[in-house]
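Please read it with the coordinates open beside you.

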Amino acid sequence: MLDRVSDKLTDIVRQFSGKSKISEKNIQEAVDEIKLALLEADVNLRVVRRFVNYTIEQASGEAVLRSVSPGQQFIKIVYDRLVSMLGDERQDLELKGPDTQSVILLMGLQGSGKTTTAAKLARHLKNRGRRPLLIAADLVRPAAVEQLSVLGKQIDVPVHRVDGATDPVAVVREGLSRGRKEQFDTIIVDTTGRMQLDEAMMVELEKIEKLCDPVESLLVADAMTGQTAVDVAKEFDGRIGLTGVILSKFDSDTRGGAALSLKSVTGKPIKFIGMGEKVEDLEPFFPDRIAGRILGMGDVVSLVEKAQETIDQDEAERLAKKMQSATFTLEDYLEQFQRVKKMGSLQSIVEMIPGAKGAITEDDINEKDIKREEAIILSMTREERRNHRIIGPPRRKRIAHGSGTSMFEVNRLLKKFEKMRTMMQKMTKNKKYQQQVLARMGGGPG
Ligand SMILES: Nc1nc2c(ncn2[C@@H]2O[C@H](COP(=O)(O)OP(=O)(O)O)[C@@H](O)[C@H]2O)c(=O)[nH]1
Ligand SMILES: [Mg+2]
């Protein structure tokens with residue numbers, strides 16, 4: 001599914017995720033490629049234009065270009081936009097409590113997958129603890145009633161059928177009253193496939209809709225038809241009113257146009273996707289997961305989180321200068337603790353200093369000590385944090401007392417800090433080291 005659009009975008013992600021510098025020109029080129037990929041995927045032109053404008057505007061901002069890992073920031077912008085195009089949050093079915101009957105009306109073109117989807121939905125809801133009844137109201141296709149009955153048996157869900165009936169409205173009326181009598185909490189109505197242009201058929205569907213008063217009026221649309229599916233959704237929504245769409249045949253090589261345009265064009269959410277011909281092949285639709293699949297990264301979420309944490313280039317430069325001139329203070333060190341908490345490891349601070357790994361031992365950076373170190377620094381006055389050399393024995397005693405630690409621990413921290421500072425200064429005199437330091441502080445790959 002979505003293979004082609006995904007291939008292109010995955011390429012772009014690969015090119016960008018490692019970039020430590022990008023220019024407006026890079027962005028323009030990448031956006032042009034994405035634009036082509038979306039148009040090939042049959043995404044609505046206006047939706048593509050909006051995507052392009054938004055992405056360029058966001059990505060060209062100072063914050064992105066000057067951040068330590070602009071490549072990741074750019075991917076995050078694209079990812080966020082895709083999620084939004086796909087509909088933002090997952091939209092589940094809005095069913096009433098089990099004491100009230102909830103009717104789900106399925107509609108769509110012939111062959112779009114209504115009957116298969118009716119059975120899939122019934123199975124899905126049964127697994128969620130509901131008691132569904134299927135109504136076979138497609139009397140036009142001779143085999144349709146039989147098809148639904150077979151599927152119903154397969155999933156052990158009863159099917160209401162009236163053999164020899166010619167009026168689908170009457171069949172639905174009977175089905176609803178049977179549902180009430182036998183206390184089914186969910187009624188799923190399978191209807192005849194119809195063209196939106198067929199006036200008589202639309203009038204019939206309107207009648208069925210009025211009679212059912214459905215909580216969910218769902219269009220089953222074939223994902224392979226791209227923008228056509230979106231047009232059909234618009235028509236059915238205008239005529240009958242839709243609460244959402246189920247995109248069937250999402251497992252086939254869909255180009256993606258339907259999924260990516262639907263929400264923006266019609267305002268209707270995609271609630272499920274059909275992923276095959278079997279009754280179990282139905283998946284809830286999660287915009288963020290699909291966006292992740294399109295960008296070809298299972299771990300796009302962690303990447304995005306990382307991008308959010310990366311620090312500003314200016315701040316990194318400021319820190320590097322401080323290290324270099326040995327004006328790096330305990331106050332700066334304390335600030336790093338906050339960052340470490342986010343990055344998850346004290347090791348990452350030490351690793352900012354190339355060559356420090358061997359010189360500062362495992363003991364020096366014992367993760368368990370980090371809380372105590374923080375407490376010690378927090379017990380210092382501002383003056384002490386800015387100039388640790390003024391901290392003589394009486395002050396050390398006070399700090400130990402205030403932080404609930406010992407003189408020994410305070411001494412050890414001050415000694416370690418002094419060692420670290422000397423090393424930073426030595427290491428950062430080298431230009432190449434400096435650059436590595438900057439890159440590592442951003443968490444980016446050099
Ligand atoms: N690959 C695939 N085929 C599907 C899916 N949903 C339905 N189909 C197939 O599409 C064809 C038409 O389905 P059907 O439910 O009879 O459509 P209806 O005319 O709208 O009721 C059948 O061959 C189904 O097996 C799907 O999600 N994936
Ligand atoms: Mg059918």
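1. How many of the 16 residues of H5 are buried? In this predicted model 13 of the 16 are buried, so H5 is largely enclosed by the rest of the structure. A residue is called buried if 20 or more other C-beta atoms lie within 10 Å of its own, exposed if 12 or fewer do, and partly exposed in between, with the C-beta atoms placed from the backbone. Helices (H or I, at least four residues) and strands (E, at least two) are DSSP runs, numbered from the N terminus.

2. On conventions, residues are numbered from 1 along each chain as its sequence is written, while chains are lettered from A and ligands numbered from 1 in the order in which they are written. Because this is a predicted model, local features need pLDDT of at least 70 and side-chain atom pairs count only at pLDDT 80 or more, whereas totals for chains, interfaces and linings use all residues.

3. As for the chain as a whole, 22 helices and eight strands are found in it, and 42% of its 446 residues count as buried. Of the contacts with a separation of 6 or more, 76% are between residues 24 or more positions apart; two residues are in contact if their C-beta atoms, placed from the backbone, lie within 7 Å.

4. Returning to H5, the length of the helix agrees with expectation, because its 16 residues at 1.5 Å a residue should span 22 Å and its end C-alpha atoms are 23 Å apart. The expected span is 1.5 Å times one less than the number of residues in the helix. Just after H5, Gly 87 takes a positive phi of about 120 degrees.

5. Helix H5 (residues 70–85) packs with helix H1 (residues 3–17) at an angle of about 150 degrees, the axes being 7 Å apart, and that makes H1 roughly antiparallel to H5. The contact is made by Val 13, Phe 16 and Ser 17 on the H1 side and by Gly 71, Gln 72, Phe 74 and Ile 75 on the H5 side; these residues divide into four nonpolar, three polar and no charged. The axes are lines fitted to C-alpha atoms, for helices over the stretch in contact, and angles run from 0 to 180 degrees between N-to-C directions. Angles under 35 degrees count as roughly parallel, over 145 as roughly antiparallel, 65 to 115 as roughly perpendicular and the rest as oblique. Ala, Val, Leu, Ile, Met, Phe, Trp, Tyr, Cys and Pro count as nonpolar, Asp, Glu, Lys and Arg as charged, and the others, Gly among them, as polar.

6. Gln 72, which is found in helix H5, is buried, with 28 other C-beta atoms within 10 Å. The C-alpha atoms of Gln 72 and Lys 19 are separated by 7.8 Å, although these residues are 53 residues apart along the chain.

7. Around ligand 1 there are 18 residues, of which Gly 113, Lys 114, Thr 115, Thr 116 and Gly 274 come nearest; a residue is near a molecule if its C-beta atom, placed from the backbone, lies within 6 Å of it. The shell divides into one nonpolar, twelve polar and five charged residues, and helix H6 (residues 114–127) gives the most to it, with three residues.

8. Phe 285 lies in the loop between strand S8 (282–284) and helix H12 (287–294) and is buried, with 23 other C-beta atoms within 10 Å. Leaving aside residues up to four places away in sequence, Phe 285 touches Arg 90, Ile 270, Lys 271, Phe 272 and Ile 273. Phe 285 and Gly 274 are eleven residues apart in sequence and 9.6 Å apart in space, C-alpha to C-alpha.

9. Asp 42, in the loop between helix H2 (24–40) and helix H3 (45–59), has a positive phi of about 70 degrees and is buried, with 21 other C-beta atoms within 10 Å. Gln 183, in the loop between helix H8 (168–181) and strand S4 (186–191), has a positive phi near 55 degrees but counts as exposed, with 11 C-beta neighbours inside 10 Å.
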